[in-house]
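Please view the sequence and the model first.

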Amino acid sequence: MNAEKTYRTIIEPFRIKSVEPIRMTTRRQRETLLAEAGYNPFLLRAEDVLIDLLTDSGTGAMSAEQWAGIMRGDESYAGARSYYHFADTVRDIFGFRHILPVHQGRAAERILFSTVCRSGDVVPSNTHFDTTRANIEYVGATAVDLPIPEARQPHVPHPFKGNMDVGALEALIASTGAEKIPLVMLTITNNSGGGQPVSMENVWTVSRICRRHGLRLYIDACRFAENCWFIRERETGYADKDVIDIARELFSYADGATMSAKKDGLANIGGFLATNDDALARQEATLLILTEGFPTYGGLAGRDLEAIAIGLREVLDHDYLRYRITSTAYLGRHLTEIGYPLVQPPGGHAIYVDAAALLPHIPPAAYPGQALVCELYCAGGIRAVEVGSVMFGTPDPATGEEKPAPMELVRLAIPRRVYTQSHIDYVIEVMADVYERREALRGLRLTWQAPPLRHFTARFTPLGARPT
Ligand SMILES: Cc1ncc(COP(=O)(O)O)c(C=O)c1O
């Protein structure tokens, strides 16, 4: 018998049963469409996009088994079978006692923070996602980001760039007082910090600090499976472990979690709020009934609960995770070879281009990230998102001028199980062409905005000649 040979090529561990056509367009058509959309790709029709890398949230492809689950969904108002399938699955992986389904992650955040937070409180995190921050600020509390210093240096690699700065956490607790901190949060992976993972050692250390000060630790678990795969790949002692056991260990250090199932739930909608605290769960369930629904469906249909229960198992499959992380790294490696400055190393769900370094001739006030996003669409119909001064620029109270964001990034987020390697090869080819012409790219002027979260609806006009 021949010996088992391991081949280098990591294939998509699925075949395609159902397809959705992509409508081809020309550069000329795309230029017209983009001008009509005010040079803001959020305002394009999705059918005018060839490769949609706007977000990995809710954009994944469901499996045949999930679609079968959709048919099996129990739509009973109370006590549906699908709820028990969902809650038992969540309990098995995450280990928390109380599981409240919600329609998406931000609903879990709203219920959590309006229950535990008071005006004047402080909530530390490695880095809060923008909806988390908004929900904390909505109740008058302050959201504080405490990433490790490497997280603020895009080109400096670090295996666990999503870690929290534990020294900074201790200092914050000492200066604020534990009574002002309703909970400490860890976002895994750290989306706003480049999709970077948090190590088990960091979760454990943060958890020890929390225990010592009588503080709760919550995990924002959106991309928990990707984070646990990185732990398996990069942290000593985990290489032989099953990802489900890594997840069980990680969540055993926490008191609760918020989850958007639109990411590692492999579903198009849904999420949950989890806790071990009986009294808190009762309070949260009251709010859930007020705005989401009865606690056994919480704003979701029974079929959605089925899809999530199945997706949470599928996402822990090693072949799936190996393919997922390898395909994101593949895009990152090729873009780096072309010369693109990227946040290093590539994250789990997305590649982040440093547009300020790529386009030094475009100042932050002319939005280099938006210029790149527009050119990617015109050149190849690729939709990405600016994560820079369009998204985070703020008026300076002293001068009235706009204060630029700390970084000018462009995010290419990869939907789960949607695109094949040839789609990604096409993205690489388009981006190689754009790279060659980078010096000809021009910035934009903001002509209309509606803060807050202005990036969704802002409109622009190009400055100077556009490249051809
Ligand atoms: C880290 C993180 N937390 C929370 C959320 C909010 O989840 P949702 O969009 O389901 O409300 C997101 C969404 O992208 C996220 O990436």
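## Pocket, cavity and ligand

Because domain 1 (27–49 + 317–461) and domain 2 (64–314) both contribute lining residues, the second largest pocket lies between them; the domain bounds come from an automatic or database domain assignment. This is a predicted model, in which local features need pLDDT of at least 70 and side-chain atom pairs count only at pLDDT 80 or more, while totals for chains, interfaces and linings use all residues. Residues are numbered from 1 along each chain as its sequence is written, and side-chain values use heavy atoms, with hydrogens and water left out.

The volume of this pocket is about 1,400 Å³, and among its 35 lining residues S18, E20, A61, R417 and V418 are the closest to its centre. On a 1 Å grid over the protein atoms alone, a pocket is an open set of points with protein on both sides within 12 Å along at least five of seven lines, a cavity is a set where a 1.4 Å probe fits but cannot get out, and lining residues have an atom within 4 Å of a point. A volume is the space filled by probe spheres set on the points, which are joined across faces, edges and corners.

The largest cavity holds about 70 Å³ of space, and its lining includes N40, F42 and H455.

| Protein atom | Ligand atom | Distance |
|---|---|---|
| G105, backbone N or O | oxygen | 2.9 Å |
| D220, polar side-chain atom | nitrogen | 2.7 Å |
| R223, polar side-chain atom | oxygen | 2.9 Å |

Definitions and conventions. Polar contact = N/O pair within 3.5 Å; in protein donor to acceptor, adjacent residues only side chain to side chain.
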